[in-house]
Amino acid sequence: MGRPDLSRRHLLAAAGGLTVAASFGFAALGTGADALASGADTRVRYWNLFSGGDGANMIAMLDAFRKAHPDIDVKDSTLQWGNPFYTKLAMAAAGNRAPDLGVMHMGRVTGFSPGRLLDPWDVDLLAKYGVREEDYNPALWKRGVIDGKLYALPLDIHVQLCFYRKDVLRKAGLLGDDGRMVPVTSTDEWFDVLKKAKAVQKKGLQTIGLWTNDQNFQWWFFVAFYTQLGGKWFNADNTEVLFDPDKATRVLEFLRRHVTDGYVVPGAPTGEQFINGAPFTWEGNWSVPVFSGAKLDYGATPLPPVFGRPATHAESHAFVLPHQAGRGGATNEGAHELAAYVVTHALQWAAGGHIPAYTPTLSTAAYKKLTPQNEYAGAMDHQATEPKVWFAGSTGVLAQDLGPVVVSSTMGSAKPDKAAQTMKSHLTKLLASKNPMDGRTAAQGGAVA
């Protein structure tokens with residue numbers, strides 16, 4: 001597969017804006033020429049986007065690798081999360097100054113011009129270090145396969161969860177004998193749960209935090225419930241929009257009802273209200289350390305299957321190999337060994353709330369003791385993901401275009417049925433548009449697994 005003439009302006013526009021280049025100082029992109037650590041004979045340059053608790057957990061994992069592999073010098077760099085990270089990674093790959101190993105959100109891989117800006121993994125080399133396809137959820141592994149080659153090695157899935165206060169639900173009679181929230185299988189049951197919780201909650205608090213003003217969260221919630229309804233996006237060839245406005249309307253009406261029935265205070269701080277006693281909040285699993293640190297009596301379950309089919313929004317952090325001319329040798333093998341080590345030693349990573357992608361970890365006694373992680377680990381088998389197209393993925397074009405439409409419906413500035421039609425119109429335009437990375441439409445962008 002030939003490499004196109006990717007200009008600096010082209011790449012910057014594709015990855016999220018023309019104004020971010022100067023803020024990063026692209027001249028500082030290194031070549032790893034500085035001295036190796038004492039005793040090491042191989043260097044692996046690794047770029048990631050992990051900060052906060054995730055950053056601390058990743059550093060601990062890297063330090064453990066360094067101790068176990070003194071012959072490999074890991075030079076890690078943490079960059080700004082979101083489009084700025086993808087901009088810098090794209091520029092480095094296009095200019096042959098890429099790191100040996102990187103991290104991406106799985107949903108962004110298809111749009112990152114695999115074969116041009118990303119190199120495929122050597123699955124035999126991964127197997128040498130203990131990582132095999134059969135150790136993964138099949139659907140998750142296949143998300144990283146494009147044109148028959150593995151371009152993304154999943155580290156985790158991170159999901160949207162329904163966090164609940166056990167102390168409040170206990171008063172409302174909404175906890176089962178196992179101490180967990182009673183099962184919910186329909187919209188009527190869900191709103192009955194909210195009604196009972198509201199009757200016993202503290203005054204002045206909302207019943208559930210729903211991120212009503214946030215386009216990303218609203219989009220993630222929409223993806224989950226649209227998937228529960230069996231909603232489709234495009235046909236297998238990505239040549240036709242199959243989006244169902246009727247199913248979308250049902251989802252949008254469901255989200256809107258939380259506001260109209262008085263269970264949500266639009267704009268209220270979700271996490272803070274939950275810590276202060278609100279019965280529910282829908283948040284990403286990265287909130288687990290926050291709520292556990294606050295010593296709350298709480299649980300967490302995947303978003304309720306109110307439309308009958310379990311499905312909760314999921315994304316995945318995945319290791320990638322940014323393109324390097326002539327990739328190979330000891331450094332490339334070191335990158336494979338490092339990625340495999342982190343993937344197979346991800347119990348530390350699970351402490352941050354993420355579900356390890358390497359399924360043998362889920363069956364260990366240590367993981368089974370993690371709470372509330374052990375309550376939602378089953379979300380691995382019920383992932384609601386965005387379509388596998390170039391414009392999808394975390395902070396991608398799809399969320400930027402459709403997220404505000406979902407917000408407009410939830411907040412009441414647009415009627416759900418009209419918003420659903422708007423969403424289909426946006427999808428039609430996106431399907432016909434070209435990926436700025438390589439000038440190809442979704443239909444021209446390569447076969448999915």
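Mentor: This is a predicted model. Gln273 sits in helix 12, which covers residues 270–275. Its relative accessibility is 13%, under the 20% limit, so Gln273 counts as buried. Leaving out residues up to four places away in sequence, Gln273 touches Gly204, Leu205, Gln206, Ala268 and Ala278.

Now helix 18. This helix runs over residues 397–411 and has 15 residues. At 1.5 Å a residue, it should span 21 Å. The C-alpha atoms at its ends lie 22 Å apart, which agrees. There is a kink, though. Helix 18 bends by about 25° at Gly403, shortly before the proline Pro404.

Which residues of helix 18 are buried? They are Leu398, Ala399, Leu402, Gly403, Val405, Val406, Val407, Ser408, Ser409 and Thr410. The cover over these buried residues includes helix 10 (215–228), helix 11 (245–260) and helix 19 (416–432). After helix 18 comes Gly412, with a positive phi near 95°.

Next, the pockets. The largest pocket has a volume of about 850 Å³. Its lining holds 29 residues. Trp233, Thr385, Glu386, Pro387 and Lys388 are the ones nearest the centre. Helix 7 (138–143) and strand 15 (383–384) each supply at least two lining residues. Helix 7 gives the most, with four. By class, the lining of the largest pocket divides into 13 nonpolar, nine polar and seven charged residues.

The second largest pocket holds about 430 Å³ of space. It is lined by 17 residues. Nearest its centre lie Trp81, His105, His158, Trp286 and His317. Helix 10, part of the cover over helix 18, supplies at least two residues of this lining. So do helix 3 (52–68), strand 8 (156–165) and strand 12 (312–315). Six residues of the lining are nonpolar, nine are polar and two are charged.

The whole structure has four cavities of 30 Å³ or more. Met106, Gly107, Thr110, Arg143, Pro387, Lys388 and Val389 line it. Three of these are nonpolar, two polar and two charged. Pro387 and Lys388 line this cavity, and both are also named among the residues nearest the centre of the largest pocket.

Key. Residues are numbered from 1 along each chain as its sequence is written. This is a predicted model: local features need pLDDT of at least 70, side-chain atom pairs count only at pLDDT 80 or more; totals for chains, interfaces and linings use all residues. Side-chain values use heavy atoms; hydrogens and water are left out. Buried means under 20% relative accessible area, exposed over 50%, partly exposed in between (1.4 Å probe, protein chains only). Contact means heavy atoms within 4.5 Å. On a 1 Å grid over the protein atoms alone, a cavity is a set of points where a 1.4 Å probe fits but cannot get out, and a pocket is an open set with protein on both sides within 12 Å along at least five of seven lines; lining residues have an atom within 4 Å of a point. Grid points are joined across faces, edges and corners, and a volume is the space filled by probe spheres set on the points. Ala, Val, Leu, Ile, Met, Phe, Trp, Tyr, Cys and Pro count as nonpolar, Asp, Glu, Lys and Arg as charged, and the others, Gly among them, as polar. The expected span of a helix is 1.5 Å times one less than its number of residues. The bend at a residue is the angle between axes fitted to the seven residues ending there and the seven starting there.
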